[in-house]
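Here are my notes on the model you asked about, as numbered points. Have the viewer open while you go through them.

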Amino acid sequence: MKKFKIKKGDRVIVISGRSKGVVGEVLKVERADDRVVVQGANLVRRHQRPSAQNPQGGIVEMEAPIHVSNVAHVDPESGDTPTRVGYRFVEGRKVRYAKRSGAPIDG
């Protein structure tokens, strides 16, 4: 199985594509396809037939997956700037940290 440095719940910024610059939370990680779903990014409109969950039907706007190479972690200390992720051991535990500021990444 592939290993990503981006996990569900992380705060990321889209660095390329039509949603470039959008900052949001990762809602879903699709490891098999190398894709992630980011809240508020890559919005698409889909026609939906009426159903029990959506009795009205109509056109629904939803987030589509983005390739994992098109997103970067947001540095927790310096606002909305992208950063790379590293790993270090703190008190016997492996934790992720932002390489730009050295701050630990919660997640």
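1. Ring-ring pairs are another matter, as a search of the whole structure finds 0 aromatic pairs. For that search, rings of Phe, Tyr and Trp (its six-membered ring) pair if their centres lie within 6.5 Å; planes under 30 degrees apart count as stacked, over 60 as edge-to-face and the rest as tilted.

2. Ground rules, quickly. This is a predicted model, where local features need pLDDT of at least 70 and side-chain atom pairs count only at pLDDT 80 or more, while totals for chains, interfaces and linings use all residues. Residues are numbered from 1 along each chain as its sequence is written, and side-chain values use heavy atoms, with hydrogens and water left out.

3. What does the secondary structure of the chain come to? The count is 0 helices and 10 strands (DSSP runs numbered from the N terminus: H or I of at least four residues for helices, E of at least two for strands). The radius of gyration is 16 Å, well over the 13 Å that the globule rule gives for 107 residues, so the chain is more spread out than a compact globule. That radius is taken over C-alpha atoms, and the rule is 2.2 Å times the number of residues to the power 0.38. Along the principal axes, the C-alpha atoms fill a box of roughly 55 × 25 × 20 Å.

4. Now the sheet. It is open, with 6 strands in the order S6-S3-S2-S1-S7-S8 and antiparallel pairing (strands pair if DSSP finds at least two bridges between them). The edges are S6 (66-67) and S8, each pairing on one side only.

5. Going through some of the pairings: S3 and S6 run antiparallel and are joined by 2 bridges, with His67 in S6 as the bridge partner of Arg35. S1 and S7 (residues 71-74) pair over 3 bridges, and here Val12 stands opposite His73. His73 also has Thr83 in S8 as a bridge partner; S7 and S8 (residues 82-83) share 2 bridges.

6. Which residues make up the largest nonpolar core? There are 11: Phe4, Ile6, Val12, Val14, Val26, Val36, Val38, Ala41, Ile66, Val68 and Val71. A core here is a set of buried Ala, Val, Leu, Ile, Met, Phe, Trp, Tyr and Cys residues joined through side-chain atoms within 4.5 Å. S1 (11-14) and S3 (35-38) are the elements giving two or more residues to this core. Val26 touches Ile6, Val12 and Val36, among others (contact means heavy atoms within 4.5 Å). Over the chain, 31% of the 107 residues count as buried, meaning under 20% relative accessible area, with exposed over 50% and partly exposed in between (1.4 Å probe, protein chains only).

7. Last, have a look at Ile15, in the loop between S1 and S2 (23-30). Ile15 is partly exposed, at 37% relative accessible area. Beyond its neighbours within four places in sequence, its contacts include Lys20, Ser69 and Val71.
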